[in-house]
Amino acid sequence: MKVHISTYGCSASQASAEIMKASVRDSGHELVPEKDADVVVINTCTVKYTTEQKILHKIRSLGEKGIQVIVSGCMPEVQLEDIMHQNPNAHILGVNSISRLGEMLDSLSSAEGSVKVFLPEPEGFQMVPRIRYNSNIHICQLSQGCNYACAYCIVTVARGSLLSFEPGEIVEDVRRAVEDGCREIWLTSQDNGQYGTDKDVLLSELLRMICQIPGQFKIRVGMMNPFSVMPILDDLLDAFEDGKIYRFLHLPIQTASDNVLENMNRYHSISEANTIVERFRERFPDMTLFTDLIVGYPGETDEDAKKTIEWVKEYRPEKVNISRFTPRPHTKAWDMRKIDSRIIVNRSNELHEVCESVKLGSRESMVGREVDVFLSKPAKQKGMMARTDSYKPVVIPECDLEPGITCRVHIYDATPGYFLGKIVEP
């Protein structure tokens, strides 16, 4: 069969797509562009309403064209009826079942009606073949699920309770990737900070184990919630001292109002989130901070929104993912009274302007500096994409060195997405 895989959502979803692509190849089928496919796998995300609607439209339109559709990812776990309403002939691959894609493709020619495969626990996420989006980057998923229940979050419902993968399997998965030539390791899950709370090895110890793997590579630790970082903060700071780990913190605060945090069922206060940021910056002054913010959550007042804006001005995150609140089914927030959409748009626009101003100041402060960078992957246009120790992106247009090398560069300019550098010392 001629198969295309279309992926939405987070880096964990991207990792699943890489595994599914290899499954298509290894089962004797052909990966093709969507226009040439007779089977399209839609690897879904349902965090946002707009993404959900885009996916449902795609499921329906492909079916109307007579193309077979396999729906995987989070949506089948929580919105199966919506999927089948759009396309009664759609085939379903549960979020734990990505390793079964090859078998499903083999069965389609003789199948009558919709084929559905749901596994109770994740299978085939570690030490399996992949076709990577970038041959220099390996995305390693640490766990499946989450033990918390934020009032707006549908992902916890879709992926279930936390199940941490075995630390030995994770280390072996990364070791094989480094041997394959990967120079950047992305550690991902629904919340990396929770890793191992259902086992004996917590995230800090897992990082030490990964850092002991021989080779020239860097580790990007993905999103961690404040409430999962606080219990391991001291050990986590010590683990981040290893030179293989980027000084990069993705800490979603969602709002700077304690009242809204309580309504969100977020399990942390803003002072605790601030403590984490301050402790990281004390230890690593050049640390890069990413965060996520939700605008217009039910009950948010003008004063609450102002607190979030003031927080951005004070803590100056380098990147902010802003989401306008939309209710998701199966969540506590689904039935909450909504704020007028015009108010949400105005608050979102104001917050966006402040975040852009902060980002501009951060970019300008880097120009003219000399910094050490790690060569990560070829740049899109020419040269090499590199990262500073704090994960800031630097494109070196005139560079013929290989990924995995550290060199010193002069930052001579900045674009909206990255810095421009020139090598001064290999």
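Visitor: Why is Cys 146 called buried?

Guide: Its relative accessible area is 12%. Buried means under 20%, exposed over 50%, and partly exposed in between, with a 1.4 Å probe and protein chains only. So Cys 146, at 12%, counts as buried. This is a predicted model: local features need pLDDT of at least 70, side-chain atom pairs count only at pLDDT 80 or more, and totals for chains, interfaces and linings use all residues. Residues are numbered from 1 along each chain as its sequence is written, and side-chain values use heavy atoms, without hydrogens or water.

Visitor: What makes Cys 74 buried?

Guide: Cys 74 has 6% relative accessibility, so it counts as buried.

Visitor: How do you know that Cys 74 is too far from Cys 45 for a bond?

Guide: A disulfide is a pair of cysteine sulfur atoms within 2.5 Å. The closest cysteine sulfur to that of Cys 74 is in Cys 45, 6.5 Å away, so the two are too far apart for a bond. Cys 146 is in no disulfide either. Its nearest cysteine sulfur, in Cys 150, is 6.5 Å away. The whole structure holds 0 disulfides.

Visitor: What makes the second largest pocket a pocket, and how much space lies in it?

Guide: On a 1 Å grid over the protein atoms alone, a pocket is an open set of points with protein on both sides within 12 Å along at least five of seven lines. About 410 Å³ of space lies in this one, counted as the space filled by probe spheres set on the points, which are joined across faces, edges and corners.

Visitor: Which residues lie nearest its centre?

Guide: Asp 286, Met 287, Arg 369, Ser 390 and Lys 392, out of 20 lining residues. A lining residue has an atom within 4 Å of a point.

Methods
On a 1 Å grid over the protein atoms alone, a cavity is a set of points where a 1.4 Å probe fits but cannot get out, and a pocket is an open set with protein on both sides within 12 Å along at least five of seven lines; lining residues have an atom within 4 Å of a point.
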